[in-house]
Amino acid sequence: MTALSLTRRFLETTRGRIVSLLRRGARTVEELATTIGLSDNAVRSHLSGLERDEIVRQEGVRRLPGAGKPAALYEIHPDAEALFSRAYAPVLTALLEEIAQQLPAERSDALLRAVGRRLAETMARPATGELDERLRAGAALLNALGGDATVELGEARSFIRGCATCPLSAAVSQRPELCVAVEALLAEVVGNAVLSRCEHGARPRCCFEVAPAA
């Protein structure tokens, strides 16, 4: 089942209809209830679950005619907007295809590594502490990006290994060289040399070997 079909199925539910309305603009409980044909309490129950999942949030109020306190306004949580987009993977894949066609391999590699270092500047500070602590920080960053990574410590070499499909699988399955960007990102965070040992194919999995010495 594709992510797109899951989204369509969700949008056909009551909560999905509420989300669709809120994507078009902030609304009060009463406005949502009137449009969907539910009671105010039923809408509040759905909103509570959507708030818990950080899909919607309460933001501001609307003053209604007559006496009484202002009505709370609900809107889509800013962090949730990306969940509804299916543009990132095809655009990223097309961009990588153009880079591969227009640049020599060494320049393409250097560009992707620069992307990884730039991501490190914006997403995480270099980790501190012993190697195991820094490795856990690297794994936590991958998990924050949608991965499911664990740390494997060894005397000769250690690994940050993905237990589930790579969070960039839609692009990596077609352009495996994208892994070097993540390699550079982890090297900046961990502070040690990092080498991609990722599994590629239809369901790629992350695996990054980390040198024992900085």
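Student: What volume does the largest pocket have?
Tutor: Keep in mind that we're looking at a predicted model. In it, the largest pocket comes out at a volume of about 1000 Å³.

Student: And which residues lining the largest pocket are the closest to its centre?
Tutor: The lining is made up of 33 residues. The ones closest to the centre are Leu-92, Leu-145, Pro-167, Leu-168 and Ser-169.

Student: Which element gives the most to that lining?
Tutor: Start with the elements that put two or more residues into the lining of the largest pocket: α5 (88–102), α6 (105–123), α7, α8, α9 and β7. The one that gives the most, with six residues, is α5.

Student: How many residues in the lining are nonpolar?
Tutor: Sort the lining of the largest pocket by class. Three residues are polar and one is charged. The nonpolar count is 29.

Student: Now the inside. Which element gives the most to the largest nonpolar core?
Tutor: That core has 23 residues, and Leu-142, Ile-160, Leu-178, Leu-186, Phe-208 and Val-210 have the most contacts inside it. Two or more residues come from each of α7 (131–144), α8, α9 and β7 (205–210). With six residues, the top giver to this core is α9.

Student: How many residues are in the second, separate core?
Tutor: Look for Ile-18, Leu-22, Leu-50 and Ala-80, which are among its members. The size of this second core is 17 residues.

Student: Is Val-210 buried or exposed?
Tutor: Val-210 sits in strand β7. Its relative accessibility is 1%, and the cut-off for buried is under 20%. So Val-210 counts as buried.

Student: What distance separates the C-alpha atoms of Val-210 and Ile-160?
Tutor: Along the chain, these two are 50 residues apart. In the fold, Val-210 touches Ile-160, along with others including Leu-131 and Leu-135. The C-alpha atoms of Val-210 and Ile-160 are separated by 7.6 Å.

Student: Last one: with which side chain does the side chain of Arg-175 make a polar contact?
Tutor: Arg-175 is in the loop between α8 (169–172) and α9 (179–190). Because its relative accessible area is 17%, Arg-175 is buried too. Leaving aside neighbours within four places in sequence, Arg-175 is in contact with Leu-96, Glu-97 and Ala-100. The polar contact, at 3.2 Å, is with the side chain of Glu-97.

Key:
Residues numbered from 1 in each chain as written. Predicted model: local features only at pLDDT ≥ 70, side-chain atom pairs only at ≥ 80, totals over all residues. Heavy atoms only, no water. Helix = DSSP H or I, 4+ residues; strand = E, 2+ residues; numbered from the N terminus. Buried < 20%, exposed > 50% of the residue type's maximum accessible area, 1.4 Å probe, protein only. Polar contact = N/O pair within 3.5 Å; in protein donor to acceptor, adjacent residues only side chain to side chain. Contact = heavy atoms within 4.5 Å. Core = buried A, V, L, I, M, F, W, Y, C linked by side-chain atoms within 4.5 Å. 1 Å grid on protein atoms, 1.4 Å probe; cavity = no way out; pocket = protein on both sides within 12 Å on 5 of 7 lines; lining within 4 Å. Points joined across faces, edges and corners; volume = space filled by probe spheres on them. Nonpolar A, V, L, I, M, F, W, Y, C, P; charged D, E, K, R; others polar.
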